[in-house]
Amino acid sequence: MKKGWIIIVVLAIILGIYGCNGYNGLVKQDQQVQQVWSNVETNYQRRTDLYNSVIKTIEGSANFEKSTLNDVISARSKATSVTVDINDPESLAKYQAAQAQLQGAFSRLMAVSEAYPDLKTTKAFQDFQTQIEGTENRINVARRDYNTAVNSYNLTVKTFPKNILSGLFGFHAKAYYKADAGSEKAPDINFNIK
């Protein structure tokens, strides 16, 4: 009888230690995902700050096409107003869509700016073009790092026996950052050279 109690106590201690270690591991991975997501947001903030700078430069250029500039300003406002909860895939999708809309509007602005030689020669505009390329690369790296962290976390949350602990403690799989809709198709590049 005494031996049975000793075995039960030892098993309870082992399970308790495993449970504590498992919980702490899940917390660490959850925090890692949140930290990597904040890096994604930081890079998007850098992009927004750069866009703000170039918008001011373009606004200073007289006779610039105002409707294109207004589209960018509106898209920037929408992109910065979306709040993300990385535990909610719908929230992440809305954020991603707002960022894609901003990037698209800004791409149109850059295309229109080609018709304004005075604007293209300003130092601020040239600096912006260099910085935005680096920022877009940073964003891509940050999104890839986020997906790597989510993959590691989701594997832990979904595999046995940690899936039991994650269910008990409320840890759920997180959404991946996905490519923009239609990006799987190669762009149609047409130079119309005559």
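Let's start with Tyr 23: its relative accessible area is 34%, so Tyr 23 is partly exposed. On that scale, buried is under 20% relative accessible area, exposed is over 50%, and partly exposed lies in between, with a 1.4 Å probe and protein chains only.

A word on the source. This is a predicted model, where local features need pLDDT of at least 70, side-chain atom pairs count only at pLDDT 80 or more, and totals for chains, interfaces and linings use all residues. Residues are numbered from 1 along each chain as its sequence is written, and side-chain values use heavy atoms, with hydrogens and water left out.

Now the overall layout. The protein has six helices and zero strands. Both are DSSP runs numbered from the N terminus: helices are H or I with at least four residues, strands are E with at least two. Of the 194 residues, 32% count as buried. The accessible surface is about 12,300 Å², and carbon and sulfur atoms hold 57% of that. These areas come from the Shrake-Rupley method with a 1.4 Å probe; for residues, only the protein chains shown count as cover. Take contacts between residues at least 6 apart in sequence: 74% join residues at least 24 apart. Contact here means heavy atoms within 4.5 Å.

Back to the rings. The whole structure has six aromatic pairs. What is the geometry of Tyr 23 and Phe 171? Their ring centres are 5.8 Å apart and their planes sit at 65°, so this pair is edge-to-face. Tyr 23 lies in helix α1 and Phe 171 in the segment after α6, so the pair ties together parts 148 residues apart in sequence. The criteria: rings of Phe, Tyr and Trp (its six-membered ring) pair if their centres lie within 6.5 Å; planes under 30 degrees apart are stacked, over 60 edge-to-face, the rest tilted. Phe 171 is buried, at 11% relative accessibility. There is also a cluster: ring pairs link Trp 37, Tyr 44, Tyr 95, Tyr 146 and Tyr 177.

Next, charges. The structure holds three salt bridges. The cut-off is a side-chain nitrogen of Lys or Arg within 4 Å of a carboxyl oxygen of Asp or Glu.

Bridge one is Asp 30 with Lys 174, closest N and O atoms 2.8 Å apart. Asp 30 lies in helix α1 and Lys 174 in the segment after α6, so parts 144 residues apart in sequence are tied together. Both residues are buried, with Lys 174 at 6% relative accessible area. The side chain of Lys 174 also makes a polar contact of 2.2 Å with that of Asn 87. A polar contact is a pair of N or O atoms within 3.5 Å; within protein, one must be able to donate a hydrogen and the other to accept it, and residues adjacent in sequence count only if both atoms are side-chain atoms. Beyond its neighbours within four places in sequence, Lys 174 has contacts including Val 33, Ile 86 and Tyr 153.

Bridge two is Arg 47 with Glu 136, again with closest N and O atoms 2.8 Å apart. Arg 47 lies in helix α1 and Glu 136 in helix α5 (residues 123-158), so this pair ties together parts 89 residues apart in sequence. Arg 47 is buried at 1%. Glu 136 is buried too, at 15%.

Glu 90 is exposed, at 52%.
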